[in-house]
Amino acid sequence: PGMLLGETGCGTFKGCNKTLASCLTKDGSAENAPLVPSALPHSLKNEYLFSLLAEERDTLLLGLRYSPTQLHFLFLTEDLAGAWQTRVSFQSLGLVDSQWHTLILAVSQGSFSLTMDCGLPMDIMADVPFPPTLSVRGAQFFIGSRKRTKGLFTGLIRQLVLLPGSDATPRLCPSRNARLTELSIPQVLKRLPEKPEDNEVLKYPYEADMKVTLGSRPPCTKAEGVQFWFDAAQKGLYLCADSQWVSVLTAVPILPSQAKTKLDYVEEHQRLHTNSETLGIEVFNIPGVGLFAATANRKARSAIYKWTDGKFVSYQNIATHQAQSWRHFTIGKKIFLAVANFGPNERGQEFSAIYKWSPRKLKFTLYQKISTHSARDWEAFEVDGEHFLVVANHREGDNHNIDSVVYRWNPSSQLFEANQSIATSGAYDWEFFTVGPYSFLVVANTFNGTSTQVQSHLYIWLVGAFQLFQSFLTFGAADWEVFHIGERVFLAVANSHSYDVQMQAQNDSYVLSSVIYELNVTAQTFVKFQDIPTCSALDWEFFSVGEDHFLVVANSFDGNTFSVNSIIYRWQGYEGFVAVHKLPTFGCRDWEAFNTTSGSYLIYSSAKEPLSRVLKLRTG
């Protein structure tokens, strides 16, 4: 039969985070051609869907072949003892049934996963891991064969995709027609000739008369028609069609006059002297009034600054008690700021406070006090039209294993009321996000009284309450950051400290990996995507410049000094996030990204000096 070897759960080649996806659909001819499945003989032996061969040795580097009951993934393994071929086999697929199928092969260093027709994945843990690197220099791809008469594919192939840096599951599944799902194809590619212009019978092997040009933009005229240009600087592949360079991925014409906005460098824009050391910053906008930044200061007063003539200037001071963070939110036309107070007031009482913006006084006034316990963070969110706040209660006395509380806005009393208690261990941060119709809340647990190696938990909203969905082993987790790149959903955790009372001498480290997780929609779970070395990381901030995506980490301490570099990482597709800028910081605690009419900026707070810095992102 014809089959679709598809893009779901596609292979992550660990180390370089590549994804493999192959799609076989109808017949590759006219778009409106009728679907006529071909019959494969049930005595079928092994047939190759594709292979990658070393040119000189004719050695199989990578291959995918199948039989009526099995699908085999083959790859070359080499070490000092020599080279041998490894085969990973998936059983009882039932492919030879005169039907179309979508197959997705996901490859990581130690595991292999196959998804058929958007169903449940079949996972195999291999004794021999996939190689961390695989040189393809001088190698050749063969589609539907292994460069031999034996093993030729006799079905119908429409789409074969090798997809780097992406799990294509959410792009394809769920699907109304899982057997025939496909990645979108730019229309210009569908017009490419499928056989030589002289209409000869295709010779074997058939090589297309195409070339790929590297370097700066070459001319694109009729003479260069159906030629490719790889822009190494932009990591883009373009096709010359109709005298325009067309992106193969997006099918958007790239005109000579168009220049993508890129981050060139970062420069200091303002030194913002604060009332005292600053634990957190919240940047927000009040419509018709302006842009503001609220600083959570360690001592008796926190401050609100207004963006005026290209800089932040002092606007309002508010009494706080070892403030850790601010959270801006709105309910209807009402504008609020909630502060998380870590310390007690003059009477020894622990309260955090909610302030409301007064359009008449043009400042924030006290609205509601809420009893908290060494509060670290507030998160505001909306579920099913109702408004909520959740506080991260860090500890009560010396007890870190206490409840954090979700509060619901009561429209009648116009106040927040306790709605649900959730057990936490040294809670430091909450992050709310949605995926489709589902609402999630994730907590960063830091310390359970004896160890920073604790489970942080992700909760899902079901039947009017948050219920446990997934747990992550974290190390002094201080922050979660959720972000989207296309249809992909990521969670990044900032790990700050690895410490255990029972193993203090052997396990006390501030230099450790923070982790980025990606949502696997098919498996309905977040899986590890990338480890990033950090120095007592306390915050992640995601931002975009033009079409580029970035993460900046707040590195605060390396075990010896608070003067450490915080790092900006750029999204590089299959390479994941790659460090591109080192920013000297001192006790960095929090990052915020914001935009004004004059450009894009970052601001960071220092927990070790009364000075925050505004950085301008210079673009080209």
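Phe329 has a relative accessible area of 7%, so it counts as buried (under 20% relative accessible area is buried, over 50% exposed, and partly exposed lies in between, with a 1.4 Å probe and protein chains only). This is a predicted model, in which local features need pLDDT of at least 70 and side-chain atom pairs count only at pLDDT 80 or more, while totals for chains, interfaces and linings use all residues. Residues are numbered from 1 along each chain as its sequence is written, and side-chain values use heavy atoms, with hydrogens and water left out.

Start with the partner of Phe329. The ring centres of Phe329 and Phe416 lie 5.8 Å apart with the planes at 75°, so this pair is edge-to-face. Rings of Phe, Tyr and Trp (its six-membered ring) pair if their centres lie within 6.5 Å; planes under 30 degrees apart are stacked, over 60 edge-to-face, and the rest tilted. The pair links distant parts of the chain, with Phe329 in strand E19 (residues 323-331) and Phe416 in strand E26 (residues 415-425), 87 residues apart. Strands (E, at least two residues) and helices (H or I, at least four) are DSSP runs, numbered from the N terminus. Phe416 is buried too, at a relative accessible area of 5%.

Strand E26 also holds Ser421. This serine is partly exposed, with a relative accessible area of 48%. Leaving aside residues up to four places away in sequence, Ser421 touches Asp403, Ser404 and Val405 (contact means heavy atoms within 4.5 Å). From Ser421 to Ile402 the C-alpha distance is 9.5 Å, and the two are 19 residues apart in sequence.

Compare Ser439, in strand E28 (residues 438-445). Ser439 is buried, at a relative accessible area of 9%. Its contacts, not counting residues up to four places away in sequence, are Val383, Phe432, Phe433, Thr434, Tyr459, Ile460, Trp461 and Phe466.

Back to the rings. The structure holds 50 aromatic pairs. One of them joins Phe292 and Tyr315, edge-to-face, at 5.2 Å centre to centre and 75° between the planes. Phe292 sits in strand E16 and Tyr315 in strand E18 (residues 311-319), so the pair ties together parts 23 residues apart in sequence. Phe292 counts as buried, at 0% relative accessibility. Tyr315 is partly exposed, at 30%. Elsewhere, ring pairs link Phe483, Phe490, Phe529, Phe542, Trp571 and Phe577 into a cluster. A charge also meets a ring: Lys369 lies over the face of Phe351, 5.9 Å from the ring centre. That term requires NZ of Lys or CZ of Arg within 6 Å of the ring centre and within 35 degrees of the ring normal.

E16 (residues 290-297) pairs with E15 in the antiparallel sense over eight bridges (two strands pair if DSSP finds at least two bridges between them). Three residues separate E15 and E16 in the hairpin, and Gly288 in the turn has a positive phi of about 80°. Eight of the nine residues of E15 (residues 278-286) are buried, so the strand is largely enclosed by the rest of the structure.

Now the cores. A nonpolar core is a set of buried Ala, Val, Leu, Ile, Met, Phe, Trp, Tyr and Cys residues joined through side-chain atoms within 4.5 Å. The largest has 24 residues, and Leu71, Phe73, Phe90 and Phe112 touch the most other members. Strands E1 (47-54), E2 (60-66), E3 (70-79), E4 (82-91), E5 (103-107) and E6 (111-116) each supply at least two residues of this core. Beyond four places in sequence, Phe90 touches Thr69, Gln70, Leu71, Leu105, Phe112, Ser113, Leu114, Met122 and Ile124. Apart from this core lies another, of 18 residues, among them Val442, Trp480, Val493 and Leu519.

Last, the cysteines. A search of the whole structure finds one disulfide (a pair of cysteine sulfur atoms within 2.5 Å). Cys220 and Cys240 form it, with their sulfur atoms 2.2 Å apart. The link is right-handed, with 100° about the S-S bond. Cys220 lies in the loop between strand E9 (212-214) and strand E10 (228-231), and Cys240 in strand E11 (residues 236-241), so the pair ties together parts 20 residues apart in sequence. Both Cys220 and Cys240 are buried. Cys588 counts as buried as well, at 0% relative accessibility.
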